[in-house]
Amino acid sequence: MSVSRAPAVPGRATLKAPGLDWLLMGAAAGLIVLGTLLVWSATSTRDDLTGGEATAYLTKQLVNVAIGLVLMVTVMATDHRWVRIVAPVFYLGSIVGLGLVLVAGSTINGSRSWLQVAGMSIQPSEFAKLSVVVGMALLVAERTEGRWRRGVRTPEVLGMLALAGVPAALIMLQPDLGTMLVLSATVFGVLAVSGADRRWLAGLTVTGIAGAAAAVSAGVLKDYQVDRFLAFTNPGLDPRGAGYNTEQARIAVGNGGLFGQGLFDGSQTRSGFVPEQHTDFIFTVAGEELGLLGAGLVIALLGIVIWRALAISADTDDIFGRVAAGGIACWFGFQAFQNIGMCLGIMPVTGVPLPFVSYGGSSMFAGMLALGLLQNIHLRSSAALPTRLLAAPRVLTRR
């Protein structure tokens, strides 16, 4: 008996030819184009925002997209080993940014979350989401190399929670409840993807619920935050106060019908009845002006981005890439659900942007960095696939 290598099956190595994930790129590009048009529509008639220049926010968003593309290409083209080397620096940088916000940040809508840098408003908490994902993925990769299939152990889980705990505490001090909810869901997803024991996941769920109840009872949350939760359960409780955003958002989405009132023609949008419509409530513009079909297209494109992130996570053999891609999918997924949910009245109102759609430089930059990392992971795994396909099949044959 001798061992011989089975002949390569023609075409198998080309099932996933090395290259970009074009479906992911196309979906993200579609979201960016739609988002830019929706931001333009939401601000073109708002002289209080634009100072009478209808294209002011369109120009700003195009600049944000251009910078984001540069960041994405930089991460995408960086050697995978350098990504892992730079990850701790990125994490520490986000911690420093969150610390500076508490010292010299600007307060907007009750939250001290922004830094003024070179004429731009930077929100460090947006970068903290990605830094936590990358930091946790790096810790798992460094500590479990060679035994990851057996899952992460208690020391690794505690280390991952400690990594996430520092930025989480700084975000709560701002306070930024929306980002905290997204970060908590992302951390939970990263732990699940990394193979943490189910008892840890169940324990964290119970602890999170108990912690939220304790925070409300102890008065940790601001009055306006508690009012938003109460208004979420009953928007008619205070229609001119805490429930105003939810009530107006529902009206705007309901106005759209199946086909919408037309881009730039939404009655609620043109009248400026929905607060923060170009940022947190951008989905209401899609619902009113593009209708159910247009809003459904936005959701479908977001679904494709999340699906491709999960597919990239499943396709790579690299532990860092698998956990990081899975974490990014959890981040995008929950943040999109939270944003769209509050526009539809099924989630409480919290200040989180819709990925790739809402106006804002920090959100766009963080999302494009994440997109570049996904493509980096995909390029590395797809380039290695033909070698694995040709080397893996080994069969026993008799002479």
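User: How many bridges join strand 2 to strand 3, and which way do the strands run?
Analyst: Strands here are DSSP runs (E, at least two residues; helices are H or I, at least four), numbered from the N terminus. Two strands pair if DSSP finds at least two bridges between them. Three bridges join strand 2 to strand 3 (residues 111-117), and the two run antiparallel. In strand 3, R112 is the bridge partner of T107. This is a predicted model: local features need pLDDT of at least 70, side-chain atom pairs count only at pLDDT 80 or more, and totals for chains, interfaces and linings use all residues. Residues are numbered from 1 along each chain as its sequence is written, and side-chain values use heavy atoms, leaving out hydrogens and water.

User: What is the strand order of the open sheet?
Analyst: The order is 2-3-4, three strands with antiparallel pairing. Strand 2 (106-108) and strand 4 (120-122) are the edges, each pairing on one side only.

User: How are two packed helices described?
Analyst: By the angle between their axes and the distance between the axes. Axes are lines fitted to C-alpha atoms, for helices over the stretch in contact; angles run from 0 to 180 degrees between N-to-C directions. The axes of helix 13 (residues 291-315) and helix 14 (residues 319-344) come within 7 Å and cross at roughly 160 degrees. That makes helix 13 roughly antiparallel to helix 14 (an angle over 145 degrees).

How values were computed
Parallel < 35°, antiparallel > 145°, perpendicular 65-115°, else oblique.
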